[in-house]
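Please look at the chain below and keep it open while reading. The paragraphs after it go through one part at a time.

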Amino acid sequence: MSNLGDYRMYAVAGIVLTAGLVLLLSRHQRERILSYVHTSSRGRRTSTSKTPPRSVSPERKTPTDGPSVDYKDIFPPSTRENLVKASEFLSLSQSNKLNAGEIDSALFRKGIIPFTADFRECGPSTYTPTEVSIEEVQALGDFPNYAELSGVPLPEAYAEFNIETAIARPYRPLRWTYHQTMALTKMENDWWLELDKNYKSRIVEREQLFEKYGKMVLDYLPGSELASKELMEMVLQFLCARYPQYFSLSKSAAEGYVFHNAIMETKTVINSMHPLHVLLHNVPEDFAIMLRNPEDGFYYFRAGLLCSALGWNVSTKIGLQLKQIHEPIPDYKEKMEFSMDRYFSRLPTSRPIQRGSWGLEVDKPLFMPPGDPHERYRDLQTPDLPLSRIHLRVDWQTLRRLPLSGSIIFNFKALFTPVEEFRHEPYIPALLSKILKEGKKNLMDYKNTWHVEHVVLPKLEEWEKEQVDRGMVEDNWEVRTLDESPWFPRWEEQWHRCQNF
């Protein structure tokens, strides 16, 4: 936001002058500058666990029905300027192949990598959507400096982390008034991938799901080779930096890169399997790879490892465009389709975002394809259903662009919390009760909480009154989204106590 008074006149004059200068540039240069202007933001406070990140929801500044846009001519922000920064530890022959200078627009457009092409079979002058040539990709080699390439620093080492006692942070992404928005906030870099004491059992469960369901949980289409490799390498680099007491990478002439996992007591030879299988055996989170189609400029789901989907799976979504994936979601076409297409087209590598979705489940269903027996719980209200079996399921999600392939990665982890814990979480009973009773009908029908409301609502109302009586919540509190969202007041004290900090 600009200051008041005379500063506004200077700002307007600056904008007019800038616009005049932009008109003097080539079309390609104008596109890059305008893309930067649209996606850049002023300095903000660094997000911490105590300061919830600001919302960057694209729908806030987007009309319901946006104009028709030709995304074929819109490319993501270039990452060329980061190539030199990433070349610090490369050999001279490798670094000489990296050139951070601007490339010719006509050559770039002519050489853009085909949608289904394997980068290993492309010529050196082929370019990815972020203006990186295949020659440069190959010069960077395996496990390049993705922190410099993306502009997202590696996480701080989590020295006090203990896999035996760790629990996930208590995400409560509850909002009131409850509208259909993406509710995006800046991603906390240290928490991109968050492990907890269920790590071992969840890895085993995911491996068993793949053995049973195959391509319903893991699949990849032609053209996703570079993005799959890039994602896997970025994930492993993150784990080694965040949890050095448990993960490390080594390299030998005989095996190449090897990932060492002290929790599972395994080592993974990277080149011995597809990158998504490396993730399957070592990372208890889901990943969907979205690629830009040069024929229309839209993004399509081209590869994924998804073991935590309810009512859908990789097989039902792979190959679809972004808007096709979200067709079942209420109000998506009317309120979000245009803004999300535009957001995907402009998302820079340096600004990953996060959000959460939630639901109420009987037990802890992780993967539930259509027709799964567990679906029967959603069709009726079981009279004798005990409260102890009802859980809040939060899918904590992140979205980020990869610097080399230009692909967009959607990833999430499923977290389960017994509803009984809400009794000790200030404001949460009142907030959830309000949503369940007064939320917009089509949204609540889609969320499908009816099957447990007969058990949950009476307890929430009881705890809401109890929290007021105990002074945890002020009397006559007007229900609204909490300032601490997606958490609640004093959550860190409880979280630390549960881990014996």
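A disulfide is a pair of cysteine sulfur atoms within 2.5 Å. By that rule, a search of the whole structure turns up zero disulfides. Two of the cysteines can be looked up one by one. Cysteine 240 has a relative accessible area of 17%, and residues under 20% count as buried, so cysteine 240 is buried. Cysteine 307 is also buried, at 0% relative accessibility.

The model is predicted, and it comes with a confidence score, pLDDT. Averaged over the protein, pLDDT is 87, and 85% of the residues score at least 70. Residues 1–65 are another matter: pLDDT stays under 50 there. For this stretch the model has 80 contacts beyond four places in sequence.

Now turn to strand 10, which covers residues 408–418. Is this strand mostly covered or mostly open? Nine of its 11 residues are buried, so strand 10 is mostly covered.

Which strands pair with strand 10? One of them is strand 9, residues 390–401, which runs antiparallel to strand 10 and is joined to it by 11 bridges. Within this pairing, leucine 392 stands opposite threonine 417 of strand 10. Strands 9 and 10 form a hairpin with six residues between the strands. In that hairpin, glycine 406 takes a positive phi near 75°.

Strand 6, residues 286–292, also runs antiparallel to strand 10, and five bridges join the two. Here methionine 290 has isoleucine 408 of strand 10 as its bridge partner.

Key. Residues are numbered from 1 along each chain as its sequence is written. This is a predicted model: local features need pLDDT of at least 70, side-chain atom pairs count only at pLDDT 80 or more; totals for chains, interfaces and linings use all residues. Side-chain values use heavy atoms; hydrogens and water are left out. Buried means under 20% relative accessible area, exposed over 50%, partly exposed in between (1.4 Å probe, protein chains only). Helices (H or I, at least four residues) and strands (E, at least two) are DSSP runs, numbered from the N terminus. Two strands pair if DSSP finds at least two bridges between them. pLDDT is the predictor's confidence in each residue, from 0 to 100. Contact means heavy atoms within 4.5 Å.
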